[in-house]
Amino acid sequence: MTPHHLHATAAAWSIHTAMQQLGALAAAEARQRGDTLTAAAPILRSPIHGTIHPIGGHADPVATLTADRPPPLVQTWAQRIRRLTDRLTWLADMYRLPAGPDPLERILTALPALTLPPRALGLLALHLSDEDELARGWLNHPPYRTRIPGDCPGCRRRSLEAATVGPAAARTVVCAADCRHTPDCRCPGGLEGVRHIWPRAGVLSVVAP
């Protein structure tokens, strides 16, 4: 696979891990909200003011709150998951990937054999990287990578990091210094201007000892 494929695959598996963590948070939140709503007094939901409590009688509860500030918009974990899923669905549809119920699964399944011009593949990798940063940002989690020994053959720094998520065959190694391929770079398989990345299984044959 090209570096674009590798970057896209690494980002997609990172999103996959983040989605699992978001799903666990959403499930816990749903249980907590259910317990809270069961124990608390019944509430009314106003399309103008959000959540308001009934005041009894025939008074208009909305009219009594017209001077109040609307409550701040609180985004639930489930809403975040839906937002991310919608964005991934748009991306899978834009690249006309085979149909399926899970957009991330569509992307992961299609990536290994995806044949597109380098610019299109690069944009796909960039889009997936953006979604990965969005998901991990919600979780306040750094990239799912760990430092490994060895010098980057591009910048010659000890800055190599290996992915820690996804199947072993799909894991990659990148240079944390964000160095990029140049015409005189001795890194095999690189693309000019693209951040260095290698399949983890073959990194020993690429990285200088």
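Is Ala12 buried or exposed, and what is its relative accessible area?

Guide: Ala12 is buried, with a relative accessible area of 0%; buried here means under 20%, exposed means over 50% and partly exposed is in between, using a 1.4 Å probe and protein chains only. Before we go on, this is a predicted model, where local features need pLDDT of at least 70, side-chain atom pairs count only at pLDDT 80 or more, and totals for chains, interfaces and linings use all residues. Residues are numbered from 1 along each chain as its sequence is written, and side-chain values use heavy atoms, with hydrogens and water left out.

Ala12 sits in helix α1, residues 3-39 (helices are DSSP runs of H or I, at least four residues, and strands are runs of E, at least two, numbered from the N terminus). Skip the neighbours within four places in sequence, and Ala12 is in contact with Leu104, Leu108, Leu111 and Leu128, contact being heavy atoms within 4.5 Å. Ile107 is 95 residues away from Ala12 in sequence, yet their C-alpha atoms are 7.6 Å apart.

That brings us to helix α3, residues 103-110, which is mostly covered, with six of its eight residues buried. Those buried residues are Pro103, Leu104, Arg106, Ile107, Leu108 and Ala110.

Now follow Ile107. Again leaving aside neighbours within four places, Ile107 is in contact with Leu88, Leu91, Ala92, Leu97 and Leu128. Ile107 and Leu128 are also among the residues with the most contacts inside the largest nonpolar core, together with Leu22 and Leu84; that core has 32 residues. A nonpolar core is a set of buried Ala, Val, Leu, Ile, Met, Phe, Trp, Tyr and Cys residues joined through side-chain atoms within 4.5 Å. Helices α1, α2 (77-94), α3 and α4 (118-139) each supply at least two residues of this core. In soluble globular proteins, nonpolar side chains tend to be buried together.

Arg87 counts as partly exposed because its relative accessibility is 33%, whereas Glu131, at 8%, counts as buried.
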